[in-house]
Amino acid sequence: MARFKHFELSEYVARERALVGNDVFVTQRANNRLREMWCAAVFSEGYENHIGPCEVEIAEEDEQRDYDFLFHALGKVFRFQVTEVLDEGRKRNLEYRTGNRQHFEDGVVAEKYAHERLSRAIENKIRKRYSNSNELHLLLYANFLGKDASWASLVANLGDLCREFGSVWVITGAELCCI
């Protein structure tokens with residue numbers, strides 16, 4: 001496993017992503033690990049910019065552990081697992097193969113939809129019954145319509161589910177919050 005400062009990990013991911021191409025980065029399972037690294041880079045950049053210094057320790061190959069990366073901050077090491085949360089029924093690979101990259105508008109209120117998508121993702125993780133789940137931290141990449149729900153609303157509606165884990169964080173391409 002290699003240890004990175006946020007900008008080092010961002011640069012690494014950008015180089016690797018350029019080598020494989022954006023469509024391949026997004027669509028092929030072979031790049032799942034690289035996408036997890038991208039999420040860890042976005043998370044660590046937001047954390048460093050708004051909270052404090054941190055580093056990410058991550059392997060280039062998925063070693064099938066109950067965590068995807070180790071997060072070093074506050075003099076401690078936190079085990080994180082990454083989950084991408086998509087619109088229900090959305091087939092990201094199909095979008096890229098067919099060239100149809102439109103947004104999937106379903107007409108529901110963004111706040112309610114965000115709660116539904118995120119709560120399902122958290123519930124799926126709870127059902128896996130990880131040992132020591134209270135020491136595992138979740139990083140949810142909200143890659144769906146309606147991802148702009150307010151932090152206060154997320155805490156009010158998802159706080160009870162999140163108690164199963166050490167912490168639950170949500171990132172978008174530009175936002176970061178801890179529920």
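Modeller: Happy to! Let us start with E55, which is buried, with a relative accessible area of 18%. Buried here means under 20% relative accessible area, exposed means over 50%, and partly exposed is anything in between, using a 1.4 Å probe and protein chains only. Before going on, please keep in mind that this is a predicted model, in which local features need pLDDT of at least 70 and side-chain atom pairs count only at pLDDT 80 or more, while totals for chains, interfaces and linings use all residues. Residues are numbered from 1 along each chain as its sequence is written, and side-chain values use heavy atoms, leaving out hydrogens and water.

What does E55 pair with? The side chains of E55 and R3 meet in a salt bridge, at 2.5 Å from N to O. E55 sits in strand β2 (residues 54-58) and R3 in strand β1 (residues 2-4), so this pair ties together parts that are 52 residues apart in sequence. Helices (H or I, at least four residues) and strands (E, at least two) are DSSP runs, numbered from the N terminus. A salt bridge is a side-chain nitrogen of Lys or Arg within 4 Å of a carboxyl oxygen of Asp or Glu. As a general idea, side chains of opposite charge can pair when their charged atoms come close. Salt bridges that share partners join R3, K5 and E55 into one network.

By this rule, the count comes to six salt bridges. Another of them joins the side chains of D66 and R79, at 2.7 Å from N to O. D66 lies in the loop between β2 and β3 (69-73) and R79 in strand β4 (residues 76-86), so the pair ties together parts that are 13 residues apart in sequence. Here D66 is partly exposed, with a relative accessible area of 23%, whereas R79 is buried, at 17%. R163 also forms a salt bridge, with D160, and their closest N and O atoms are 3.3 Å apart. Both R163 and D160 are exposed.

Now back to E55 and its surroundings. E55 is one of the residues that F71 touches, and others include F43, Y47, V56 and F80, not counting residues up to four places away in sequence. Touching, or contact, means heavy atoms within 4.5 Å. F71 also belongs to the largest nonpolar core, which has 26 residues; those with the most contacts inside it are L9, F43, F69, F71 and L139. The elements giving two or more residues to this core include α1 (6-20), α3 (32-50), β2, β3 and β4. Its largest share, eight residues, comes from α3. A nonpolar core is a set of buried Ala, Val, Leu, Ile, Met, Phe, Trp, Tyr and Cys residues joined through side-chain atoms within 4.5 Å. Apart from this core lies another, of 22 residues, among them A114, I122, L154 and I179.

To place all this in the whole chain, picture six helices and seven strands, following the pattern β-α-α-α-β-β-β-α-α-β-α-β-β along the sequence. Of the 179 residues, 47% count as buried. Among contacts between residues at least 6 apart in sequence, 70% join residues at least 24 apart.
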